[in-house]
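I opened the notebook for a quick tour of this model, with the sequence and structure side by side. Here is what I looked up, in the order I went.

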Amino acid sequence: MADSLKIDFQPFGDLEGGDLVIFVGETLKPSSAVAKRLGHPAASLLAKAAAAEKFTGKSKAVMTIPVPAGIQADRLIVVGIGGEKDLEKIDYPQLGGVVGAKVAGRAATLVLDLPGVNPSPENVADLVMGARLRAYHFDRYKTKKDDKKPGGPTKLTLQVADPAATKKAHKLRDGVASGVLLARDLVNEPPNVLGPKEFAARAEALSKLGVEVEILHEKAMEKLGMRALLAVGQGSSRGSRVAIMRWNGGKSSDAPIAFVGKGVVFDSGGISIKPGGGMEDMKGDMAGAASVVGLMHALASRKAKVNVVGAIGLVENMPDGNAQRPGDIVTTMSGQTIEIINTDAEGRLVLADLLWYVQDRFKPTFMINLATLTGAILVALAQEYAGLFSNNDELAERLSVAGRETGERVWRMPLGPEFDKMIESKFADMKNAAGRYGGSSTAAALLQRFVNDVPWAHLDIAGTAMSSPQTETNKGWASGWGVRLLDRLVHDHYER
Ligand code: BES
Ligand code: MN
Ligand code: ZN
């Protein structure tokens, strides 16, 4: 949902009223630019207030102190950065979240001269991104205003060492933040509003940024032989779609990189229907597709120098007289057959055809798919890590590093012949569901049968994309997980 955050960058200088936000470490000593603004008794003022408030300057702690006469500000807000040597770049979005929450609906000046640290333009851009992610809330369907939420825009004036460079870094980072918020919006939308067709229309809107978008309807998919994907949607009164998004920021002779998303707009389980409790959460079963759209938005808005393909499979899994049954056998686009054991194991069917199609048509340098694929990944990794499955150690390692740097962390899980054996079928080439054990790995093993020699990674985001734990940068249900991770991966390794 549109947020209203106004951002301005200035050199260190005079204050203009509004809130004054400063940062201190565990020594509680203000930096020189801050001390200059606060005047002579600054250090003793902070020390006294900290003692009274039991504020130790630990990372992300906040205290508000009344403003002494002579200081041009409404409130003085002091934010802790912890041990001054401990501040890492991953902390900046979190600090931005803390500040964003504190000054929501107000005007504030942040003095970004940190004691012992000189934040780079990228650090400041990360901080602003954190404030923006924190400011997001999804209230499109609330007809009454929440009195506890601040009204009106938030205005942040950032006093920094190099305003021009910071503004530039911010512009690049802001496109990524918009991509995250776009993904969150899509995941939060109710399933009656966002069917396959409506989702495809949201993908098409990326053409405003120069992304080429192509929508496949059922006839075209039929012709291509995507019987597994179509079988999932056949119980729904709403037709299935595939959206192909292309960002051509590289040389026309460069092979693209590819991202593939599971977009089950609602997963009832189909004939193998799910229990009623919590079924409403299955509106989020298109989070993989949402992150691919968010990523394309991010890459296009910062004009990434790389060719990228984003492909999403948009279907609704419903029980109906025309729905697929357990026992059905479907022939995939690759020619391999799958026996349907459980119609609730539908995501892998969608991805089987889509991965094959993308690899066949685009010959990408790598493919990464995102999918809310298994409940079992929550058993293994809770909501802390996404499950990472890959046939390529280099790609896996790069994803792990990008995960640590963005805080969207992944944990590598096993693939292998043991798991592949578990999906053998009595009647077809494979079955779509095995026993309870190793549920995330048997799902991944099925996907791998549709990947040839291309480096590939599968991210199981059932735990990280929705029902999200509350953090300083997200207080909502959907997280937009994966946009920042993959933007970082592309930025660090695949742009020319
Ligand atoms: N969309 C679900 C997985 C899921 C569960 C996502 C919880 C988010 C939160 C998926 O389609 C599914 O139903 N998987 C089954 C597979 C089983 C039938 C083999 C599961 O995990 O139980
Ligand atoms: Mn399912
Ligand atoms: Zn599903």
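**Entry 1: around strand 6**

I began with a bridge: Leu110 has Leu158 in strand 6 as its partner. Before going on, I noted that this is a predicted model. The chain gets from strand 5 to strand 6 by way of helix 4 (residues 121–135), and I logged this β-α-β crossover as right-handed. Strand 5 covers residues 107–111 and pairs with strand 6 in the parallel sense, over five bridges.

Next I looked at strand 1 (residues 5–11), which also pairs with strand 6 in the parallel sense, here over seven bridges. Gln10 is the residue I found opposite Gln159 of strand 6.

How many of the seven residues of strand 6 are buried? I found six, so strand 6 (residues 154–160) is largely enclosed by the rest of the structure.

**Entry 2: around strand 14**

I then turned to strand 14 (residues 386–390). Five of its five residues are buried, so the rest of the structure largely encloses it. I checked both faces and found each one covered: Ala386, Leu388 and Ser390 are buried on one side, Gly387 and Phe389 on the other.

Strand 15 (residues 410–412) runs parallel to strand 14, and three bridges join the two. Gly387 has Trp411 in strand 15 as its bridge partner.

Does strand 17 (residues 456–460) run parallel or antiparallel to strand 14? The two run antiparallel, joined by four bridges. In that pairing I saw Ser390 standing opposite Ala457 in strand 17.

Strand 12 and strand 16 run parallel and are joined by two bridges. There I noted Glu339, whose bridge partner in strand 16 is Lys431.

**Entry 3: the manganese ion**

Which residues hold the manganese ion (ligand 2)? I listed Asp267 (OD), Asp344 (O), Asp344 (OD) and Glu346 (OE) as its protein donors, lying 2.0 to 2.2 Å from it. The manganese ion (ligand 2) has six donor atoms with angles of 71 to 168° among them, and its site is irregular. Along the sequence, its donor residues are spaced D-x76-D-x1-E. The pair links distant parts of the chain: Asp267 sits in strand 9 (residues 257–267), while Asp344 sits in the loop between strand 12 (337–339) and helix 10 (347–362), 77 residues apart.

Asp267 is buried, at a relative accessible area of 2%, whereas Asp344 is partly exposed, at 22%.

**Entry 4: the zinc ion**

The zinc ion (ligand 3) is coordinated by Lys262 (NZ), Asp267 (OD), Asp285 (OD) and Glu346 (OE), at 2.0 to 2.4 Å. I put its site down as octahedral, with angles of 78 to 176° among the six donor atoms. Ideal octahedral angles, for reference, are 90 or 180 degrees. The zinc donor residues follow the spacing K-x4-D-x17-D-x60-E. Asp285 is in the loop between strand 9 and helix 9 (287–301) and Glu346 in the loop between strand 12 and helix 10, so the pair ties together parts that are 61 residues apart in sequence.

Asp285 is buried at 2% relative accessibility, and Glu346 is buried at 1%.

How far apart are the zinc ion (ligand 3) and the manganese ion (ligand 2)? I read 3.1 Å, with Asp267 coordinating both.

**Entry 5: pocket and cavity**

The largest pocket holds about 1,100 Å³. It is lined by 42 residues, and closest to its centre are Met129, Thr406, Gly407, Glu408 and Arg484. Among the elements giving two or more residues to this lining are helix 3 (91–102), helix 12 (393–406) and helix 15 (483–493). Helix 5 gives the most, with eight residues.

The largest cavity has a volume of about 30 Å³. Its lining includes Ala231, Val232, Gly270, Asn317 and Thr343.

Conventions. Residues numbered from 1 in each chain as written. Chains lettered and ligands numbered in written order. Predicted model: local features only at pLDDT ≥ 70, side-chain atom pairs only at ≥ 80, totals over all residues. Heavy atoms only, no water. Donors = N, O, S within 2.8 Å, 3.2 Å for Na, K, Ca; no water. Tetrahedral: all angles 85-135°; square planar, octahedral: opposite > 155°, others 65-115°. Buried < 20%, exposed > 50% of the residue type's maximum accessible area, 1.4 Å probe, protein only. Pairing = 2+ DSSP bridges. Right-handed = clockwise from strand over helix to strand, strands pointing away. 1 Å grid on protein atoms, 1.4 Å probe; cavity = no way out; pocket = protein on both sides within 12 Å on 5 of 7 lines; lining within 4 Å. Points joined across faces, edges and corners; volume = space filled by probe spheres on them.
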